[in-house]
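Here is a short tour for you to follow with the model open in your viewer.

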Amino acid sequence: MLQRIDHVGIAVASLDAAIERYRETFALEVVAVEVNAEQGVREAMLELRDGAAGASSYIQLLQPLADDTPVGRFLARRGEGLHHVGYAVADVASELESLAAQGIELIDQRPRHGSMGAAIAFLHPRGLHGVLTELVQPGRA
Ligand code: CO
């Protein structure tokens, strides 16, 4: 079950320039900057705080480490912009199992490491009306 939107992922050409723009424009705090070599990105998480909701959501800015990476190819083909939507789930592995049983096309057959200690998995946009979709089991308390 999808619980809420955890983050939106935005592909950018320059992480530093994008951080400055989003941080200054919306007065957001950068809570993590990480390199994920497996995914071929350097990325930043900017926190959206809503005291009432209890759980934060994030803007995830993604700069490819090389042209020959998924985000590098996305930038070359489509330019900067919205890359994926990440939904929070309680258990990524069991969601994958249930989605596969429904015939939904998975990119990741099993969970892998995401931002800030999360377990994540991507679903193919072909089965979801053109939206690259990420399941996120937050690693933070
Ligand atoms: Co993401």
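Leaving aside its neighbours within four places in sequence, which residues is Asp108 in contact with? Leu96, Ala121 and Phe122 are the contacts of Asp108 once those neighbours are set aside. Please keep in mind that this is a predicted model.

- You will find Asp108 in the loop that lies between α3 (92–101) and β6.
- Asp108 has a relative accessibility of 10%, and because buried means under 20%, it counts as buried.
- Ile120 is 12 residues away from Asp108 in sequence, and the two C-alpha atoms are 8.7 Å apart in space.
- One of the contacts of Asp108 is Leu96, and Leu96 is itself among the buried residues of α3.

**Helix α3**

- The buried residues in α3 are Val92, Glu95, Leu96 and Leu99.
- Looking down the axis of α3, these buried residues fall within an arc of 100°, so they line one face of the helix.
- Packed against the buried residues of α3 are β7 (119–123) and β8 (133–137).
- Glu97 and Ala101 are exposed, on the face of α3 turned away from its buried side.

**The sheet**

- Eight strands make up an open sheet with mixed pairing, in the order β2-β3-β4-β1-β5-β8-β7-β6.
- The edge strands are β2 and β6 (112–113), each of which pairs on one side only.
- β3 and β4 run antiparallel and are joined by eight bridges.
- β1 and β4 run parallel, with five bridges joining them.
- Here Val8 has Ile59 in β4 as its bridge partner.
- β4 has eight residues and seven of them are buried, so this strand is largely enclosed by the rest of the structure.

**Helix α1**

- Helix α1 spans residues 15–26, and its 12 residues reach 16 Å from the first C-alpha to the last, close to the 16 Å expected at 1.5 Å a residue.
- Leu15, Ala18 and Ile19 are the buried residues of α1.
- They cover an arc of only 100° around the axis, which puts them on the same side of α1.
- The buried residues of α1 pack against β2 (29–36), β3 (41–48) and β4 (57–64).
- Turned away from that buried side is a face of α1 with the exposed residues Arg21 and Glu24.
- If you look at how α1 sits on the sheet, the helix lies across β1 (4–11), β2, β3 and β4, and it runs at about 5° to β3.
- After α1 comes Ala27, which has a positive phi, near 50°.

- A pair of aromatic rings is described by the distance of the centres and the angle of the planes.
- The count for this model comes to one aromatic pair.
- Tyr22 and Phe26 form that pair, which is tilted, with 5.9 Å from centre to centre and 45° between the planes.
- Both Tyr22 and Phe26 lie in helix α1, four residues apart, which is about one turn of the helix.
- How accessible is Tyr22? Its relative accessibility is 24%, so Tyr22 counts as partly exposed.

**Helix α2**

- In helix α2 (residues 70–78), Val71, Gly72, Phe74 and Leu75 are buried.
- Down the axis of α2, those residues fall within an arc of 160°, so they line one face of the helix.
- β1, β3, β4 and β5 (81–88) are included in what covers the buried residues of α2.
- Ala76 and Arg77 are exposed on the other side of α2.
- Gly79 follows α2, and its phi is positive, near 80°.

Technical notes. Residues numbered from 1 in each chain as written. Predicted model: local features only at pLDDT ≥ 70, side-chain atom pairs only at ≥ 80, totals over all residues. Heavy atoms only, no water. Helix = DSSP H or I, 4+ residues; strand = E, 2+ residues; numbered from the N terminus. Expected span 1.5 Å × (residues − 1). Buried < 20%, exposed > 50% of the residue type's maximum accessible area, 1.4 Å probe, protein only. Arc of directions from axis to C-beta. Contact = heavy atoms within 4.5 Å. Pairing = 2+ DSSP bridges. Axes fitted to C-alpha atoms, helices over the stretch in contact; angles between N-to-C directions. Phe/Tyr/Trp six-rings, centres within 6.5 Å; stacked < 30°, edge-to-face > 60°.
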